[in-house]
Amino acid sequence: MKRAFIFVLIFSFSTLFATAQPAFEGPPPSTVPVLDPAKRRAEYLARVNEVINWAADGGQAKTDDPAKLDLAMIAAKIVRKEDLHGCSQRVINLMSDPGTGPFWMFPTVCIAYLGRDHLTPEALASIRTAWRTTRQLRGDTENHWAMYYISLYLMAELYPNEPAESWYSGKSSSENLAEARSYLIHWMDLATSVGQGEFNPTHYIGEYVIPLQFLANWAKDPVIKKRGAMMLDWLFAELAANTLNGVLRGPNARTDEGSAIERWQAMASYFSWLLFGNTPPTAGYGGWGLYFAPLAANYEVPEVIYRIATDRGGDYLQRDRARVRRFWRYSDELSPPVYKTNYLRRDYAVGSTRGGLMDAIQAHVWDVTWAEADPRGKHNTMFSLHPFSSMWAMESMFVTYPEPMIKGVTFEGKPSYDSPDKIMGSSPYERVCQDLDTVIALYDIPADTRFPHINGFFSKDLINLSEDPSGWIFAQGGQTFLAYRPLAPYQWEKYLHHSSGWAKVRRDLGGRLLVSPHLKNGTIVQAASASEFKNFGAFKAAINALPLTFRLEPTPSVQFTSLRGKKLAFTFDQVPTVDGRAIDYAKWKLFEGPYLNSELNSRKLTITHGKLERVLDFNTLTVTDRVK
Amino acid sequence: MNTKTPAFILFGLLALRILASAAPAYDFFVCANINRNYVIGSKIVTTNGVFQRDASGEWQHLGYNDTGISALAFDPRDRNVIYTTGLNGLWRSLDGGKLWRMCNDWTMTEARDVAVDPHDPDHVYLALPDGVAFSSDRAQTLVRRENGLPTRGKYTQVLQIDRTRAGRVLAGCELGVYLTEDAALHWHQVLPTKEMVFDIQQSPHDPLVWLAVTQSSGAWLSLDGGQTWKKFAAVPTTYPLYNITFDVTNPQRLAIGSWGLGVLTSEDGGQTWIDRNAGLPAPHRVWRVGVDPVGQLYASVVAETLYVSSDFGRTWKTDSLAGSVVNKFLIQPKSAH
């Protein structure tokens, strides 16, 4: 089942109290782009070395005792060519009790390749033996399969011409290689045609880019090697275009509570730090992120991607397509499309999907997030949602009986799933319309739904919060003025944070929930930069002057003229109009914006920044750079 | 010349047949997960997978230690040929469980059930969350055979092969029971349901008698080999019915396992049903029921363990397979091998 996300979290949390991590503990880095390529490269390599040194010197174990090394530490020691005998012994020891799936597979692949010329034959043989004796589970998610098949592919290439009985799969090297190759090409073609299912990944980005980096470095087949390298650029370009000062913004297919409220708290931040240098890394360098470091010196993020992440010319709107996780049952479509909007400005970002059911457990549908000089510990977000919990949704997406699923999900690492005060997840009873920095979210919730109310998240880091007699709630986050309009009466409740993972204890982090127990409901949020107004009062006056009419019965419907002068009309389950014109979702491209552009089903991405351009064409497997 | 056999010889022969038929002619297997809280990537710390009940009543582990086996089947010609389903799809062993091959590729996943045609044992059928696959070469290769299944709504939970006719198979799907009579080349619906069909069984006593249980449409009986179905009026539809079983020792005995209803039994061929949860832990959430070759009834209780009853549910005791969740009970005619 879909449970491996917990391992990301366990790994991440286990690193929280590790030894010194200069970039994590120090002041936030500069967000000024480094335009000198040599200096940029030198700074990048310094960051890479920081990670390798931390891991080799003990990492999360706080010791370099060979008997306590994990595979990430061994990888770092191999890079430093130190204590190789101890590493070999430890590998033999670890391989005597192998794991059972993609989270075990890709680290062992890392050691198998890195250790080829450094570890003892016995150590290398122990890895190979484990791949014979221990059945590896493929998992059931997009990231599982990426890790699984990249790992299988590389091991099959490393040990070619070996018989079926020498592999856990019971298939020969050539059979394993062919199957893995076929899937990887299929997945890459799908992702570059209609988008990823696990789009905008907060944590899972590591599960893609780490094995892809292995592929780009170690694959012998030039086609697969090239595809790996191109896919790496593709995903990092998406990361760059969806970050603000290195922090990932916009909706997510799958995330967790920590990342939903503290947007920096994600493995994506580790990769922003490593590649772009514009935000601190998370604790323990993202946990799994340690496996990117040993080969990181072989990668250089293309300048066009670096510049997108660090050198913004102004506000921009990015509209993308993605797809929903597979609905095995009770749906007319296997993977319905996702329409994703992200509007980024200097001070804040506004992002959304159209709502509806996406990933049943971990989706994050929309929010406004503001920039913070130091994002660590800042809950820089505002959003609302319907806390949907449903056996039916579980049954539609997972191959199990529905009845035990909710308890199973909450027990197995997603403790908030069945909480009425949760702040994560999508709902079939939510519809969202976004135009620039205005969001309208409407709710039409059946009375017999498990949690018949909506939750709005109000951060501890908001200042100047006031409930205006007009019905608007005004607040400021960083240099962003925020106006939040609940469409039905509400009460305030303390927000208690699930620490994710297996944590049973909930913590009061200072935030509040706006809870509105009305089935016909809605939220309007308008954001603006503080610099646009003389003062906060002027912002309030401007908002109060905006034409707004709405009704909740029989179906929630809003007509609102935004701060940007756009006339928005939106009725639940109808296509919204902007200035009288219906948004034509059918015409949405895979990527459309100033930086990323791709036609649907084209398998071709054009990455642009100023005069710089890189085209990734998966039809011809070519990468074309030019300066316009 | 008309010769007559003396009466005492006839009675003697009959007695011998009765004695022979009284001896268990079946083997009994379970697919059991004992490793609680397993998640992808973690270590497996207990022995899980296929177990066979031996003559002394002990469970003997067979094959691979896998926490997620959902079903198993054997080649009737050779008990060393074993098929199991799970997260990766279909696994096959040709040597009694020492070596295994993952038969499917990435186009198939999370298989729910596997069945081998006793009349054509090279023919293997695989139930998938998105349809049905078929093999004519002992699962060396698998192809989709879904003609007649709906484009959407073909989630297949269970496959049962009619032991009387090659290529005749019933499939329990998202929207009903489907029948093929030509080895899955064509399917047609024989029982529509609003939601999932969770189990289908053919009577070991009369091959024309079939049973089916569903998520929300109750329990059903067919007396014509699955062509037409009649609902068991006495079985509630308030809770999902996860599985149903016959008793090989008594054609009148049936049992249902249900989330919510627990164990229901009938001892009159399904006319009346009795709640048999006294002695089982509450709430009454039963994952599977099964009956072994000597008529002992088993109930795998969710989050608890396996229970066994020697009086068809009147009293229960815990079974020796402690802490297990049983995904499948399989009763198989004894193999010559």
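A residue is buried if 20 or more other C-beta atoms lie within 10 Å of its own, exposed if 12 or fewer, and partly exposed in between, with C-beta atoms placed from the backbone. This is a predicted model: local features need pLDDT of at least 70, side-chain atom pairs count only at pLDDT 80 or more, and totals for chains, interfaces and linings use all residues. Residues are numbered from 1 along each chain as its sequence is written, while chains are lettered from A and ligands numbered from 1 in the order in which they are written.

**Exercise 1. Find which residues of H13(A) are buried, and state what follows for the helix.**

Step 1. Helices (H or I, at least four residues) and strands (E, at least two) are DSSP runs, numbered from the N terminus. Helix H13 of chain A covers residues 267–276.

Step 2. The buried residues are Met267(A), Ala268(A), Ser269(A), Tyr270(A), Phe271(A), Ser272(A), Trp273(A), Leu274(A), Leu275(A) and Phe276(A).

Step 3. Since 10 of the 10 residues of H13(A) are buried, the helix is largely enclosed by the rest of the structure.

Step 4. Just after H13(A) comes Gly277(A), with a positive phi of about 65°.

**Exercise 2. Describe chain A as a whole: its elements, its extent and its confidence.**

Step 1. Chain A contains 18 helices and 27 strands. Its radius of gyration (taken over C-alpha atoms) is 24 Å, close to the 25 Å that the globule rule gives for 628 residues, so chain A is as compact as a globular protein of that length. The globule rule is 2.2 Å times the number of residues to the power 0.38.

Step 2. The C-alpha trace of chain A spans about 75 × 55 × 45 Å along its principal axes. Of the 628 residues in chain A, 58% are buried.

Step 3. Two residues are in contact if their C-beta atoms, placed from the backbone, lie within 7 Å. Among contacts in chain A between residues at least 6 apart in sequence, 69% join residues at least 24 apart.

Step 4. The pLDDT (the predictor's confidence in each residue, from 0 to 100) averages 94 in chain A, and 96% of the residues score at least 70. Over residues 1–18 of chain A the pLDDT is below 50, and this stretch has 52 contacts in the model beyond near neighbours in sequence. Where pLDDT is low, the predicted coordinates should not be read in detail.

**Exercise 3. Work out which parts of chain A touch chain B.**

Step 1. In total, 33 residues of chain A are in contact with 27 residues of chain B.

Step 2. Helix H1 (5–14), helix H6 (102–114) and helix H9 (173–194) of chain A each supply at least two residues of the side that touches chain B. H9(A) gives the most, with three residues.

Step 3. By class, this side of chain A has 12 nonpolar, nine polar and 12 charged residues. Here Ala, Val, Leu, Ile, Met, Phe, Trp, Tyr, Cys and Pro count as nonpolar, Asp, Glu, Lys and Arg as charged, and the others, Gly among them, as polar.

**Exercise 4. Trace the hairpins of chain B from E2(B) to E6(B).**

Step 1. Two strands pair if DSSP finds at least two bridges between them. Strand E2 (residues 49–53) and strand E3 (residues 59–62) of chain B run antiparallel and are joined by four bridges. Phe51(B) has His61(B) as its bridge partner in E3(B).

Step 2. Five residues lie between E2(B) and E3(B) in their hairpin, and Gly57(B) in the turn has a positive phi of about 90°.

Step 3. Strand E4 (residues 71–75) and strand E5 (residues 78–86) of chain B are antiparallel, with five bridges. Asp75(B) stands opposite Asp78(B) in E5(B), and the hairpin of E4(B) and E5(B) has two residues between the strands.

Step 4. Five bridges also join E5(B) to strand E6 (residues 89–93) of chain B in the antiparallel sense. Tyr83(B) has Arg92(B) as its bridge partner in E6(B), and two residues separate E5(B) and E6(B) in a hairpin.

**Exercise 5. Decide which residues of E8(B) lie on each face.**

Step 1. In a regular strand the side chains alternate between the two faces of the sheet.

Step 2. In strand E8 (residues 113–116) of chain B, Asp113(B) and Ala115(B) are on one side and Val114(B) and Val116(B) on the other; all are buried, and both faces are covered.

Step 3. E8(B) runs antiparallel to strand E9 (residues 124–128) of chain B, with four bridges between them. Asp113(B) stands opposite Ala127(B) in E9(B).
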